[in-house]
Every structure is written in structure tokens, then in C-alpha cells.
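These are my notebook entries on one protein chain.

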Amino acid sequence: GYCECEACAKLGNRADQNLYLGNQVLRAIKDEFPRVMVCIWAYADSAVIPTTKADGYDAGTDRILAAVYSIYSKTPFHELVAGWRKASHHLMVSHSWYFCNWHWDLALTPSRYPETLDDYRPLHDNGVRLLRLQVMGDWAKVGLDRYLSAKLMWNPTASTEALIRDFCTKMFPSASLE
């Protein structure tokens with residue numbers, strides 16, 4: 001649970017309270033660790049749009065890494081990401097089902113990949129540069145998911161067809177692609 005005392009309530013919503021804590025930690029360690037970032041989670045009750053900013057945001061020197069999760073959030077995911085972009089320049093997204101269920105559809109509907117590409121563009125446009133995948137550890141089942149996710153976060157305009165071909169060529173070098 002979160003503290004509900006008057007002093008904490010004055011800080012703002014749960015996201016604002018997390019930003020406050022992260023900023024306090026950075027102030028305490030800034031002299032000894034000037035390049036360290038502090039990661040806070042926008043998760044569950046704190047997966048709301050903050051009304052405050054990370055220290056140094058306006059000067060582009062903020063050091064809060066906001067890990068934005070969609071799970072349990074009542075705010076639509078892309079709105080949540082866009083809202084956090086106004087509070088921190090450093091965003092990571094974690095979305096356990098959103099990005100990593102492609103392998104189930106590959107054999108049945110490979111045409112789904114191009115529409116999935118559109119999911120990455122707004123994230124990239126909102127400054128997301130880190131992606132946390134919650135997937136099974138079995139590379140055979142999720143290797144393509146991980147490969148496509150990494151490539152699309154790096155370059156959201158990449159051709160999914162070309163990426164799939166590249167993955168298959170590298171993963172199965174002795175197999176025919178025809």
C-alpha cells in the first residue's frame with residue numbers, strides 16, 4: 001500500500017509520489033554518483049500520468065528512468081507513455097502480452113506482423129528506447145518475438161517481412177527460405 005498521510009497526499013498522485021522519491025534519492029547521491037539513474041515504476045496504482053516532472057527535466061538533465069507498465073493500469077497504454085514522456089526523458093516500457101504473443105499467430109496469420117509494427121511507432125515517437133519483455137525463457141518459442149521487438153524498438157520503420165527473413169536466415173542457416 002501507499003501512505004495516505006496529508007504530507008504524501010500533497011505530493012500529488014501515486015506517480016508524483018514515485019517521482020518525488022526518485023528525485024530525493026538522486027539528490028542524496030548526486031555528488032558521489034553523478035551519472036547514476038534511478039528507476040521508478042509506473043505500475044499498478046502508480047500507472048497514472050504524473051503532474052510533476054523529474055528534477056532537471058526542463059534542462060534535459062533528468063536522471064529518472066520511468067518503467068511504464070500497462071498491467072493493472074486504467075489509463076490507456078499509449079496515453080500513459082505520452083504522459084510520462086512529459087515527466088522524464090528516459091522511458092522503458094514493459095508489456096507482457098502486448099509484444100510477445102506473435103509466435104502463436106505466425107503460422108496462422110503472418111500478415112499480423114505489419115499491423116504490430118504500428119504499435120512500436122507511437123512508443124518510439126514518445127521517446128521510449130528500452131523495452132522489457134516478459135516472455136518465457138524458451139528461445140524456440142519466443143526467439144522471433146525477442147528479435148522483432150529489439151529490432152523494431154531500434155528502428156520502428158523497419159520492414160517486418162525483411163526482419164522475419166533475416167531472423168530465419170540467421171537462426172536456420174542451412175534451411176531454404178523458399
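**Entry 1: Gln17.** I began with Gln17, which is buried at a relative accessible area of 12%. In these notes buried means under 20% relative accessible area, exposed means over 50%, and partly exposed lies in between, with a 1.4 Å probe and protein chains only. Gln17 has its place in helix H2. Helices (H or I, at least four residues) and strands (E, at least two) are DSSP runs, numbered from the N terminus. I then listed what Gln17 touches, leaving out residues up to four places away in sequence: Tyr2, Cys3, Cys8, Ala9, Leu11 and Gly12. A contact here means heavy atoms within 4.5 Å.

**Entry 2: Basis of the values.** I noted that the model is predicted, that local features need pLDDT of at least 70 and side-chain atom pairs count only at pLDDT 80 or more, while totals for chains, interfaces and linings use all residues. Residues are numbered from 1 along each chain as its sequence is written, and side-chain values use heavy atoms, with hydrogens and water left out.

**Entry 3: The chain as a whole.** I found seven helices and four strands in the secondary structure. Along the sequence they follow the pattern α-α-β-β-α-β-α-α-β-α-α. The chain has 178 residues, and 38% of them are buried. Of the contacts with a separation of 6 or more, 68% are between residues 24 or more positions apart.

**Entry 4: The sheet.** Two strands count as paired if DSSP finds at least two bridges between them.

I next looked at the pairs. S1 and S2 run parallel and are joined by five bridges. Ala42 is opposite Val68 in S2, and Ile40 has Ala66 as its bridge partner in S2. S2 and S3 are also paired in the parallel sense, over five bridges; there Ala67 is opposite Met92 in S3.

On S1, Val38, Ile40 and Ala42 form the covered face, whereas Cys39 and Trp41 form the uncovered one. S3 is mostly covered, with four of its five residues buried.

Which residues of H3 are buried? They are Phe77, Leu80, Val81, Gly83 and Trp84. These residues cover an arc of only 160° around the axis, so they are on the same side of H3. The arc is taken from the directions from the helix axis to the C-beta atoms.

**Entry 5: The largest nonpolar core.** A nonpolar core is a set of buried Ala, Val, Leu, Ile, Met, Phe, Trp, Tyr and Cys residues joined through side-chain atoms within 4.5 Å. The largest one holds 30 residues, and Leu19, Ile64, Val68, Val81, Trp84 and Val128 touch the most other members. Elements giving two or more residues to this core include helix H2 (14-29), strand S2 (64-69) and helix H6 (139-154). H6 gives the largest share, five residues.

I followed Ile64 further. The C-alpha atoms of Leu152 and Leu163 are 9.0 Å from each other, and the two residues are 11 residues apart along the chain.

**Entry 6: Cysteines.** How many disulfides does the structure hold? It holds zero disulfides, a disulfide being a pair of cysteine sulfur atoms within 2.5 Å. For Cys3 the closest cysteine sulfur is that of Cys5, at 3.5 Å, which is too far for a bond. Cys3 is partly exposed at 42% relative accessibility, and Cys5 is partly exposed with a relative accessible area of 34%.
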